Amino acid sequence: MGDDARETARASRDAMHVDPLWSRAGGWPDLGVEAVDAVLVGIGTHATSISPTGAHATPLAIREALARFSAHAAGAGIDALRIADAGDAVDPDGDEAAAADLVATAVARSRLAIVLGGDNAATVPAALGAWSGAGSRPSDAGLITLDAHHDLRDGRSNGSPVRRLVEAGLEGSRIVQVGIQDFANSHAYAQRAADLGIAVETRAAVEEEPVGAVVQRALTIAGGASGPIHVDVDVDVVDRAAAPGCPASVPGGISAWRLRSLVRFLARDPRVRSIDLTEVDATADAADGRTVRLAALCVLEALAGLAEREG
């Protein structure tokens, strides 16, 4: 984060009630040269969005929202994790390579990088950087999206990251899309997903089946024999009542609790080296900030999953 952003986040935390027995999440130190368990990275993409968005304001908003929660989770020792913050990419829409390098550094120095978007265009530098930092090529990596949409559009926008990653070398057979919604995708893009060999888990399947079963199928496909997995968490997969700050969220998406559970289960697997949180427009959120708060809780669920990893 820049100096102004740091001061804003610090002032927000200082204004909250202080209880010495109730430590607040967030406020983690800058990433140094030493290895840590997890790293936050901000990639505030927004300029190529299909619809106007203020998603560039979201990384800071999530950092501020973290202070509303504690780092305590039953059975998960988040407090014991070493967590750092690598700051924000300076020009993520104009210089994807620099944004990818920032994520690569975060992955190389940690077990899990958590990328704060930005619209869904952030997934391209997040995934490419993560796979590079893990010493892998896109052709050897896997992708799991929690998303209402296929994101296979032509061109460059927040509707095209999956297609762009395929063009960069990602195998369609190593992609799993979880939470795809009826009436939120065209027949042409659904056919494109099928032609690429992408595995699709519909919203109905995700909401009706046990989380563990959905996650295990996704990890088996995306993990393959080896290779790192990137998880793209497009928060518009959630019911619009819980995520009004996502421009493309629809009534009837998955529950906020189901999303949190999916993130936590996925983060337990050591093949998951990176997770991004995208499509939240902090400037369009409800007055109570529920969408940004959900994104912040997903950060904490990812950290809980990391703390629960075996070995």
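## Overall fold

The protein has 10 helices and eight strands; helices (H or I, at least four residues) and strands (E, at least two) are DSSP runs, numbered from the N terminus. Its radius of gyration, taken over C-alpha atoms, is 18 Å, close to the 19 Å given by the globule rule for 311 residues, so the protein is as compact as a globular protein of that length. That rule is 2.2 Å times the number of residues to the power 0.38. Along the principal axes, the C-alpha atoms fill a box of roughly 55 × 40 × 40 Å.

## About the model

This is a predicted model, where local features need pLDDT of at least 70, side-chain atom pairs count only at pLDDT 80 or more, and totals for chains, interfaces and linings use all residues. Residues are numbered from 1 along each chain as its sequence is written, and side-chain values use heavy atoms, with hydrogens and water left out.

## Inside and contacts

Of the 311 residues, 54% are buried, meaning under 20% relative accessible area (1.4 Å probe, protein chains only). Now for contacts (heavy atoms within 4.5 Å): among those with a separation of 6 or more, 80% join residues 24 or more positions apart.

## A look at Asp37

Where does Asp37 lie? You can find Asp37 in the loop between helix H1 (3-14) and strand E1 (38-43). Asp37 has 8% relative accessibility, so it counts as buried. Leaving aside neighbours within four places in sequence, Asp37 touches Ala80, Leu81, Arg82, Ser110, Arg111, Leu112 and Leu306.

Methods: Buried means under 20% relative accessible area, exposed over 50%, partly exposed in between (1.4 Å probe, protein chains only).
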